[in-house]
Amino acid sequence: MYHVLCYGDSNTWGFMPNLGTRYPRDVRWTGIAAKNLGEDFYLIEEGMNGRTCGHSDVISPQRSGKDYIYPCLISHKPLDLIIVMLGTNDTKSRYHLNAFEISKAMTALLQTIQSIQHWEGMNADILLISPIPLEDRCNIPDGQVDAGSIEVSRKLPPYFEAIAKQMGLHYMNAADYVTEVGEDGIHFTPKAHAQMAEAVAAKIREIRKAQGR
């Protein structure tokens, strides 16, 4: 059995645009990918609405991806692959972060994963996925998302790709595969989940083949 941890935010959790409810498992990209991959693969869904790379938030507590990653990895080990797709929530206007600063938070998260693996005797590969950029129509007030957030989100992929190259990780850009989002300009439609599932499943197969597992 090949164990894959999918560590992300609301687009991994399966947030339905403008509704706040959750898509069924067979609509979420994680569920579709698991079905496509078959019984030899076990995909673990670890999506959380509002999760950041590492920023703590007094308004929405317990959202730091860096703070939660240790118990998460220990709970689910052994693992063969860890998929990380975060960064969108770090663009919230109340955080006042630019793309470079978000990339540093992502680097710290990934280094924490590597450190945990070292001390816990784990040897999972890591796949870093740049999230899709925010659409122009995305406008959530009260310190959530504004024009600055949209601009920052579009600058993240080159930074994340550079991180993956420097750290020797696998990399994907979700925007290369997802062609549409919902009315809120942030969250995947069922079509987008299907597109993401197909791309990630193919990447998982490629990584497993390279690992020889």
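A: The buried residues of α2 are covered by elements that include β1 (2-8), α1, β2 (41-47), β3 (81-85) and α6, where contact means heavy atoms within 4.5 Å. The model is a predicted one, in which local features need pLDDT of at least 70 and side-chain atom pairs count only at pLDDT 80 or more, while totals for chains, interfaces and linings use all residues. Residues are numbered from 1 along each chain as its sequence is written, and side-chain values use heavy atoms, with hydrogens and water left out.

Seven of the nine residues of α2 are buried, which leaves this helix mostly covered; buried stands for under 20% relative accessible area, exposed for over 50% and partly exposed for what lies in between, with a 1.4 Å probe and protein chains only. The buried residues are Trp-29, Thr-30, Gly-31, Ile-32, Ala-33, Ala-34 and Leu-37.

One of the covering elements can be followed in detail. The axis of α2 comes within 8 Å of the axis of helix α6 (residues 190-211), and the two cross at roughly 45°. This angle makes α2 oblique to α6, since angles under 35 degrees count as roughly parallel, over 145 as roughly antiparallel, 65 to 115 as roughly perpendicular and the rest as oblique. Such axes are lines fitted to C-alpha atoms, for helices over the stretch in contact, with angles from 0 to 180 degrees between N-to-C directions. The crossing of α2 and α6 is right-handed, a word used when the near helix is turned clockwise from the far one by less than a right angle, with left-handed used for anticlockwise. From α2, Trp-29, Ile-32, Ala-33, Asn-36 and Leu-37 take part, meeting His-193, Ala-194, Met-196, Ala-197, Val-200, Ala-201, Ile-204 and Arg-205 of α6. An α-helix has 3.6 residues a turn, so residues three or four places apart point the same way.

Now consider the two ends of α2 (29-37). Arg-28 lies in the loop that joins α1 (10-13) to α2, and Arg-28 is buried, its relative accessible area being 7%. Apart from neighbours within four places in sequence, the contacts of Arg-28 are Thr-12, Trp-13, Gly-14, Arg-22, Tyr-23, Glu-45 and His-193. After α2 comes Gly-38, with a positive phi near 100°.

Rings of Phe, Tyr and Trp (its six-membered ring) pair if their centres lie within 6.5 Å, and planes under 30 degrees apart count as stacked, over 60 as edge-to-face and the rest as tilted. In the pair of Trp-13 and Phe-15, the ring centres are 6.5 Å apart and the planes stand at 45°, so the pair is tilted. Phe-15 is itself buried, with a relative accessible area of 18%.

A further ring belongs to Phe-41, and Arg-208 lies over its face at 4.8 Å from the ring centre; a charge sits over a ring if NZ of Lys or CZ of Arg is within 6 Å of the ring centre and within 35 degrees of the ring normal.

Conventions:
Helices (H or I, at least four residues) and strands (E, at least two) are DSSP runs, numbered from the N terminus.
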